[in-house]
Amino acid sequence: MKETPLSNCERRFLLRAIEEKKRLDGRQTYDYRNIKISFGTDYGCCIVELGKTRVLGQVSCELVAPKLNRATEGILFFNLELSQMAAPSFEPGRQSDLLVKLNRLLERCLRNSKCIDTESLCVVAGEKVWQIRVDLHLLNHDGNIIDAASIAAIVALCHFRRPDVSVQGEEVTLYTPEERDPVALSIHHMPICVSFAFFQQGTYLLVDPNEREERVMDGLLVIAMNKHREICTIQSSGGIMLLKDQVLRCSKIAGVKVAEITELIQKALENDQKVRKEGGKFGFAESIANQRITTFKMEKAPIDTSDVEEKAEEIIAEAEPPSEVVSKPVLWTSGTAQIGEGVENSWGDLEDSEKDEDEGGSDEAVILDKMKMDTGVEVSDIGSQDAPIVLSDSEEEEMIILEPDKNPKKISTQTSAKQEKAPIKKPVKRRKKKRTAN
Amino acid sequence: MAERGLVASESLAGCRPRAARTVLGQVVLPGEELLLPEQEETDGPGVAGERPLRLNAGVRSRLRVVCGPGLRRCGDRLLVTKCGRLRHKEPGCGSSGGIYWVDSQQKRYVPVKGDHVIGIVTAKSGDIFKVDVGGSEPASLSYLAFEGATKRNRPNVQVGDLIYGQFVVANKDMEPEMVCIDSCGRANGMGVIGQDGLLFKVTLGLIRKLLAPDCEIIQEVGKLYPLEIVFGMNGRIWVKAKTIQQTLILANILEACEHMTADQRKQIFARLAES
């Protein structure tokens with residue numbers, strides 16, 4: 001989708017407001033929006049919210065062979081993705097310029113500053129080193145992606161634990177998290193990016209621009225610093241001319257901001273550590289609150305669930321798959337015909353049971369489908385012939401089987417669960433249960 | 001809400017369509033079918049499958065019911081297409097059966113004929129302007145569709161200006177067209193919106209709430225400062241007050257109104273009135 005265009009009226013209003021030192025959400029010129037850090041259940045997973053801008057960070061690790069020219073160092077890999085849900089104008093192929101710029105800045109900030117000790121990631125020199133991969137996803141774009149992304153990256157790295165490894169001579173043992181507690185990465189310092197937006201050819205400056213302010217700005221200055229006031233990266237884009245004292249002023253402001261943010265990060269990490277140690281609940285389900293979208297409420301409707309089980313049983317009992325109707329009647333004798341084959345017989349084998357010679361007087365009888373038996377339905381014995389295995393708790397213990405050519409009989413469907421005993425004089429057979437394979 | 005949803009899905013599983021009358025104010029889900037009032041009476045004894053024989057099968061004395069947003073006619077019944085609460089409004093004249101609709105929450109606008117919207121001019125090409133209204137396509141606006149515009153007397157519209165107009169053509173098969181005059185040829189408040197002021201976006205439900213007659217929020221806001229305000233049904237609001245500070249306050253209040261209860265709102269207004 002194309003981006004919503006910025007109207008002249010909005011642009012004019014924003015610039016006038018900035019001249020009067022007013023921002024849309026009531027912040028001061030040097031104020032950051034609220035930063036909220038929440039951790040997931042896995043180590044190394046976190047979501048950072050800078051106002052409405054949200055970034056998800058995830059760190060993972062793998063044992064690989066090292067690079068040839070750096071045989072004793074681990075490998076770091078950073079990747080930022082702009083998800084399509086972040087803004088309507090983000091499409092799979094479209095946002096390449098912005099994406100490249102953000103990725104380059106992030107790499108310079110984290111890799112070149114050597115904040116992570118890559119020597120400690122070496123397991124066997126020249127053969128096995130850890131490859132640490134940081135994946136960042138932008139979930140919502142409301143301005144200042146780079147700040148949120150850098151905070152998410154460093155928080156995820158500090159939170160991450162890699163599996164423990166021990167090397168004894170030639171033998172390398174990799175322990176699972178259950179065997180030995182995973183080990184944190186060795187991080188020297190925490191570089192954090194701070195963005196400054198410039199308006200009216202550098203006359204006015206705002207910290208942490210939100211999306212609308214970014215659209216009307218002339219240029220952007222990003223300074224990555226750590227809490228020891230060391231500048232890790234500095235980048236100016238937009239082609240504005242900045243004076244020396246402006247840049248110095250920005251770096252002082254950045255120092256203050258970074259100190260605050262670092263403190264916030266430390267507190268968040270400690271809280272999470274404490275909760276995990278005490279065995280409390282942690283993860284996104286706990287830390288990200290349910291958001292309400294309206295203020296309308298409905299009263300709870302009491303539901304009577306007392307008859308749910310009966311209804312469920314009824315439904316299950318009645319829910320037989322209907323057999324296919326074959327409209328070919330088969331005439332057995334005069335007055336007796338059969339349409340279709342019925343459901344598979346689960347009662348017994350026709351050949352083994354004695355034939356009942358009696359005729360008449362029997363109310364109903366079961367037709368054992370001879371055709372089915374002839375087509376070779378598999379019958380497998382369970383147990384010996386002597387001990388009948390009761391597969392159901394039906395009360396029926398006897399079964400009368402009548403031969404089709406000797407006795408007239410009635411057809412009854414298989415779906416009825418109970419059958420009445422037919423009054424006959426002959427002794428009845430004991431039912432043998434055989435399992436028919438489905 | 002979850003419990004109501006369960007009840008609704010139970011009745012869906014039961015496959016008996018409910019009468020629209022009984023469901024007023026409750027949450028309905030897409031796919032549900034609702035019975036209209038006169039239909040429900042004839043279906044009453046007909047549950048067992050019998051229907052009273054009609055001599056004149058085609059003609060039914062039915063009330064004329066208007067099917068609003070979120071509902072669609074499906075045979076003789078109403079089919080719900082959005083999830084939300086079912087609402088009904090009695091007609092003023094008394095002849096027709098009133099109007100049913102579903103109150104749902106949405107941020108993305110779909111152009112509807114007759115809606116008044118705020119658009120941003122993105123391009124001028126020949127005789128028409130292309131105006132972005134927040135839908136899937138930009139709407140087209142002819143330069144003659146302004147009050148008092150002739151071929152020689154063109155309106156003064158630049159790219160990036162705000163336009164308040166209404167749709168004359170808006171369906172899913174064609175690009176939407178809008179005009180800035182009503183059927184008599186008068187502007188009636190439509191046209192180019194002034195140069196200052198602030199434009200911001202809210203959800204569609206909030207706009208409908210604010211445009212309802214006797215909306216308390218607007219009355220209270222009016223008592224605070226003198227202001228000019230334009231509501232577009234596509235979720236855009238343009239607001240202008242005397243100073244920038246006041247404009248910003250108004251914009252923030254209107255955006256926050258959605259999530260505040262009436263008491264919280266009154267407190268905020270009271271605080272603002274003092275300062």
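Modeller: Let's start with charge patches: a patch is made of residues with over 30% relative accessible area and no salt bridge, with like charges joined within 9 Å and nonpolar side chains (Val, Leu, Ile, Met, Phe, Trp, Tyr) within 5 Å. Lys and Arg count as positive and Asp and Glu as negative, while His and the chain ends are not counted. Each charge is placed at NZ of Lys, CZ of Arg, CG of Asp or CD of Glu. Accessible areas come from the Shrake-Rupley method with a 1.4 Å probe, and for residues only the protein chains shown count as cover.

Biologist: Before we look, what should I know about the model and its numbering?

Modeller: This is a predicted model, in which local features need pLDDT of at least 70 and side-chain atom pairs count only at pLDDT 80 or more, whereas totals for chains, interfaces and linings use all residues. Residues are numbered from 1 along each chain as its sequence is written, chains are lettered from A and ligands numbered from 1 in the order in which they are written, and side-chain values use heavy atoms, with hydrogens and water left out.

Biologist: Thanks! Which residues gather in the patch of positive charge on the surface?

Modeller: That patch brings together A:Lys52, B:Lys107, B:Arg108 and B:Lys201. B:Lys201 belongs to strand 15 of chain B, residues 198-201. For exposure, buried means under 20% relative accessible area, exposed over 50%, and partly exposed in between (1.4 Å probe, protein chains only). B:Lys201, with 45%, is partly exposed.

Biologist: And which residues form the patch of negative charge?

Modeller: Look at A:Glu309, A:Glu310, A:Glu313, A:Glu314 and A:Glu318, which gather on the surface. A:Glu314 sits in helix 7 of chain A, spanning residues 308-318, and its relative accessibility of 46% makes this residue partly exposed.

Biologist: Let me step back to the whole chains. How many helices and strands does chain A have?

Modeller: Chain A has eight helices and 20 strands, and of its 438 residues 40% are buried. Its accessible surface is about 25900 Å², 50% of which belongs to carbon and sulfur atoms. In chain B you will find six helices and 17 strands, with 41% of the 275 residues buried. Chain B exposes about 15100 Å², and carbon and sulfur atoms supply 53% of that area.

Biologist: Now salt bridges, please. How many are there over all chains?

Modeller: Side chains of opposite charge can pair when their charged atoms come close. The rule here asks for a side-chain nitrogen of Lys or Arg within 4 Å of a carboxyl oxygen of Asp or Glu, and the count over all chains is 21. One of them joins B:Asp196 to A:Arg16, with the closest N and O atoms 3.4 Å apart. That pair crosses between chains, from the loop between strand 14 (191-192) and strand 15 of chain B to helix 1 (residues 8-19) of chain A. B:Asp196 is partly exposed at 29% relative accessibility, and A:Arg16 is partly exposed at 34%.

Biologist: Are A:Asp142 and A:Arg33 buried or exposed?

Modeller: Both are buried, and they form a salt bridge with the closest N and O atoms 3.7 Å apart. A:Asp142 lies in the loop between strand 6 (128-140) and helix 3 (145-159) of chain A and A:Arg33 in the loop between helix 1 and strand 1 (35-39) of chain A, so the bridge ties together parts 109 residues apart in sequence. These two also belong to a network of salt bridges with A:Asp25, A:Arg27 and A:Asp208.

Biologist: How should I read a salt bridge inside one helix?

Modeller: An α-helix has 3.6 residues a turn, so residues three or four places apart point the same way. Here A:Glu211 and A:Arg215 are four residues apart in helix 4 (residues 211-216) of chain A, about one turn of the helix. Their side chains meet in a salt bridge at 4.0 Å, N to O. A:Glu211 is partly exposed at 25%, as is A:Arg215 at 27% relative accessibility.

Biologist: Finally, which residues of helix 3 of chain B are buried?

Modeller: In that helix, residues 204-211, the buried ones include B:Leu204, B:Gly205, B:Leu206, B:Ile207 and B:Leu210. Their cover includes helix 4 (216-224), strand 16 (227-231), strand 17 (236-241) and helix 5 (244-256) of chain B.

Note on methods. Helices (H or I, at least four residues) and strands (E, at least two) are DSSP runs, numbered from the N terminus. Contact means heavy atoms within 4.5 Å.
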